[in-house]
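Let's take a walk through this model together, one stop at a time. Have a look at the picture below before reading on.

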Amino acid sequence: MYRLPFIIGLFLMVTSVFAQSPHGEDFKINCNQCHNPSGWEIDIYLMRFDHGKTDFALEGAHAQTDCKACHETLVFKGAPKDCASCHNDVHSMSVGNDCAQCHTTKTWIVDNVQEIHEANGFPLIGAHGGLSCVECHTSETNIRFDRIGNDCISCHRQDFEATQHPNHTESGFSTNCVECHSPLGTGWESDKIANHDFFPLTLGHDIQDCTQCHKTDKFSDADPNCVTCHQADYDGTLNPQHRNNGFPTDCVSCHTTNPGWKPANINHDFFPLTRGHDIQDCKACHITDNFSDADPNCVSCHQTDFDGTTNPNHSTVGFSTDCASCHTTIPGWTPANINHDFFPLTQGHDIQDCTQCHTTGNFADADPNCVSCHQTDYDGTTNPNHTTVGFSTDCVQCHTTIPGWTPANINHDFFPLTLGHDIQDCTQCHTTGNYSDADPNCVMCHQTDYDGATDPNHSLNGFPTDCASCHTTVPGWTPASINHDFFPLTLGHDIQDCTQCHTTGNFADADPNCVSCHQTDYDGATDPNHSINGFPTDCASCHTTAPGWTPASINHDFFPLTQGHDIQDCTQCHTTGNFADADPNCVSCHQTHYDGTTNPNHTTVGFSTDCVQCHTTVPGWTPANINHDFFPLTLGHDIQDCTQCHTTGNYSDADPNCVSCHQTDYDGTTNPNHSLNGFPTDCVSCHTTNPGWTPANINHDFFPLTLGHDIQDCTQCHTTGNFADADPNCVSCHQTDYDGTTNPNHSLNGFPTDCASCHTTNPGWTPANINHDFFPLTMGHDIQDCTQCHTTGNFADADPNCVSCHQTDYEGTTNPNHSANSFPTDCASCHTTNPGWTPANINHDFFPLTLGHDIQDCTQCHKTANYSDADPNCVSCHQTDYDNATNPNHRATGFPTDCVECHTTNPGWTPSTFDHNPYFPIDSQSRHKQPDQWDTCIDCHIDPSNFSVFDCIHCHTRDHNTNQGNQRCYECHPRGRA
């Protein structure tokens with residue numbers, strides 16, 4: 001008995017505690033999860049509340065944060081979750097307001113800079129990997145990272161415009177540096193030439209020294225036309241004479257870039273050299289030095305062949321002198337194809353004996369008209385009689401060339417013979433001997449059917465006599481389709497008995513207007529009364545053809561019937577018999593509501609009588625939305641009592657200007673004095689609507705207060721009562737610092753007084769960044785003591801040309817002697833800035849040092865101190881090798897002295913390749929290349945000392961004309977074919 005009251009009391013006490021929770025209605029947990037019996041103070045280490053079950057888990061530094069730092073009130077639910085609500089944006093909105101993009105909850109240190117840049121499309125590789133952030137993201141502060149763009153030119157425009165060798169700007173080079181320079185490198189070294197695809201540098205054009213072609217600093221001056229470099233070669237060529245023959249000056253039309261101008265491919269496509277025309281000796285056709293003298297017309301060479309042909313006689317028949325119209329270039333003139341396409345020789349016309357049709361010596365006498373051969377067949381045909389009917393004498397209109405004249409196809413498309421018209425006996429329709437007498441009009445055969453039709457009566461209704469307008473050719477006249485699209489027969493109109501609507505014998509008497517049938521329905525309608533309201537007599541405007549007149553759709557879109565207006569009884573609004581009397585204006589129904597409203601008083605304030613401006617059609621007039629966007633009610637302005645601002649009965653009297661309420665606050669402010677400094681009376685320019693006027697943000701972006709400039713005491717810079725007196729120029733504060741600097745002497749060197757051009761706002765003037773990109777300080781040039789190069793007090797006196805420092809090195813170099821060989825004084829053309837002048841890269845691409853030419857001792861080829869004395873022609877070094885070659889004997893055979901035509905630079909002169917096909921084919925397709933036969937040159941070239949001597953007869957002992965000698969064999973069979 002004693003326990004029951006205790007339990008009831010405890011239950012009431014617990015209920016009371018929960019009811020009194022200061023943490024808001026949504027926070028329902030037992031107090032002992034956070035508090036203990038000793039008091040309301042919270043021991044974070046004893047607290048059992050799991051913050052991880054909320055939508056903001058406490059991780060990293062957040063787990064050690066005092067609850068009150070985030071929960072400013074005891075109602076915990078209102079705490080913000082976005083980073084910017086607790087953490088000031090020290091990056092000045094340059095990287096967004098989501099701290100988690102770069103930082104974690106453990107530390108502010110950013111350890112994923114590489115990943116961030118990769119995600120933004122600019123990986124930090126090569127020289128970019130070792131840069132400090134502020135070297136690229138330059139601003140008034142080291143922690144404001146303005147986006148500068150991913151294009152090279154965004155940072156390197158000055159480098160681009162300052163480059164002279166070559167001049168990138170004048171040459172029109174791309175501003176995308178990676179097209180020539182590697183982003184993986186640490187400097188501007190380039191291992192590739194800019195895109196030279198417009199003029200490929202292949203073979204003989206593969207010259208590494210750009211200046212050989214680009215004579216000026218403006219690379220675009222170079223002319224890509226062949227003749228600009230090769231005019232002398234063109235003029236000096238005699239075999240064949242290029243100038244006299246009018247050969248094009250575009251070398252690539254015949255030559256590749258292979259040194260030596262061979263092989264040369266002459267485009268003979270205008271006259272293909274095939275078979276009998278495949279003559280290797282150009283002079284056989286081009287008999288003068290001017291190759292254009294040769295006449296491409298067949299008869300210029302074959303007039304004798306043309307005149308001498310008798311089977312058939314080409315001259316008599318008048319055959320074309322263009323041999324190609326019948327013959328190919330196969331020797332012997334066979335096979336010959338006569339183009340008989342104008343009269344195809346098919347089936348019965350496929351007669352091999354030409355004389356059956358061509359009965360005279362002149363083939364052109366033959367008449368291609370059918371009747372010239374088949375007049376007798378035409379005249380003798382009686383089924384049907386072709387002559388009587390007047391059939392065409394052009395047999396192909398009905399017959400093919402199949403013997404027997406069958407099958408014969410009569411084109412009856414003008415009158416298709418389908419279904420009931422498919423009558424095989426022509427005489428049923430063609431009743432006379434002349435088939436053209438038959439009349440194609442329906443009524444010519446079906447007049448009796450038309451006149452006898454009574455359901456409906458075709459004659460009386462004036463139906464057309466063109467049966468096809470309603471009937472098909474199906475026998476029995478069914479089905480018949482009447483086109484009733486002008487009045488669709490749907491639902492209630494789908495009446496199969498035509499006489500219900502067509503009440504007279506003349507179907508055209510029926511009136512399509514609704515009221516012609518439904519006048520009684522219209523006049524008798526009382527809900528609503530159609531006649532009084534002037535509803536249209538066009539039933540279709542509201543009704544469908546469904547029987548019963550329902551559903552009926554009234555278009556009320558001009559006044560939508562939603563929510564409170566959704567009244568099914570039309571008479572509540574339409575109070576008279578005439579529905580058009582209803583007024584759509586709100587006040588016509590709601591004048592009493594408008595006049596009776598006092599909170600606020602609509603009449604006094606002059607509110608609009610158009611209720612929809614503030615209200616919806618929801619019953620009860622709520623919610624009501626007053627558009628206060630012209631003056632947002634936020635924070636300190638969020639006052640629910642309208643009368644605090646609207647002090648008169650007329651709400652429009654309230655002045656929206658800040659000073660109308662806050663003039664006293666403005667005048668009384670002394671830190672700083674707003675009136676004296678002429679601060680604007682528009683409070684929002686510095687303040688928010690937060691109560692207490694804090695925080696206040698003064699826009700100091702015109703002069704960012706970073707690092708050494710981050711001075712909280714405004715009076716240190718603003719020394720007068722008028723803040724506008726402060727001068728933003730660096731020298732206004734730092735003139736003494738500028739004048740007193742001696743390392744280097746700023747005044748003497750004429751350094752700018754704009755400190756920011758070299759310094760940040762970091763106290764102590766360090767680090768200082770001098771832009772030395774015009775002369776990169778790399779490797780041996782990386783000298784920390786500026787005075788080693790800048791030897792005078794004026795840093796601008798230093799000469800950037802290599803020879804200004806290295807003249808002694810240049811003149812003292814003897815291996816090789818730079819002065820004697822006139823090497824350039826621009827050290828960078830061969831050397832890097834690596835100390836010791838090594839490695840040195842000499843561009844020897846004009847004469848590649850490969851295999852046997854890969855000789856490290858330059859003096860083996862360069863015999864004199866002047867390296868340009870060395871002759872690049874093969875024979876200058878290999879004359880002895882050439883003269884002593886006996887297998888075969890190069891000199892006796894007249895082989896060229898240009899070794900590369902047959903040999904590579906492989907030591908030992910092997911392998912060697914000789915293209916025998918231009919002289920005499922011996923490849924796998926030739927009859928003179930058989931397995932286990934003719935494997936060595938001496939098989940045919942019987943004199944090893946002179947390969948120009950050859951023997952055919954010792955193999956062809958039984959062939960004709962062996963007594964004519966080897967040379968005659970070659971003259972008749974230059975390609976080795978019979």
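Which side chains meet in a salt bridge of 2.4 Å, N to O? They are those of Asp883 and Arg891. A salt bridge here is a side-chain nitrogen of Lys or Arg within 4 Å of a carboxyl oxygen of Asp or Glu. Before we go on, some ground rules: this is a predicted model, where local features need pLDDT of at least 70, side-chain atom pairs count only at pLDDT 80 or more, and totals for chains, interfaces and linings use all residues. Residues are numbered from 1 along each chain as its sequence is written, and side-chain values use heavy atoms, with hydrogens and water left out.

Back to that pair. Asp883 counts as partly exposed because its relative accessibility is 33%, and Arg891 is partly exposed too, at 48%. The labels work like this: buried means under 20% relative accessible area, exposed over 50%, and partly exposed in between (1.4 Å probe, protein chains only).

By the salt-bridge rule, the count comes to five. Another one joins Asp55 and Lys81, at 2.9 Å from N to O. This pair links distant parts of the chain, 26 residues apart: Asp55 sits in the loop between helix H1 (3-19) and helix H2 (67-70), and Lys81 in the loop between H2 and helix H3 (113-119). Helices (H or I, at least four residues) are DSSP runs, numbered from the N terminus. Asp55 is exposed, since its relative accessible area is 62%.

Glu161 and Arg157 form a salt bridge as well, with their closest N and O atoms 3.8 Å apart. Both lie in helix H5 (residues 153-162), four residues apart, or about one turn of the helix.

Most residues other than glycine have a negative phi, and most peptide bonds are trans. Yet Thr478 and Pro479 are joined by a cis peptide bond, with omega about -5°, and the bond from Thr550 to Pro551 is cis too, omega being near -5°. Leu635, not a glycine, has a positive phi of about 50°; Leu635 is exposed because its relative accessible area is 53%. Trp909 also has a positive phi, near 65°.

Leu635 is among the residues that Thr689 touches, along with Thr634, Gly636 and His637, leaving aside residues up to four places away in sequence (contact means heavy atoms within 4.5 Å). Is Thr689 buried or exposed? Thr689 is buried, because its relative accessible area is 19%.

How values were computed. Helices (H or I, at least four residues) and strands (E, at least two) are DSSP runs, numbered from the N terminus.
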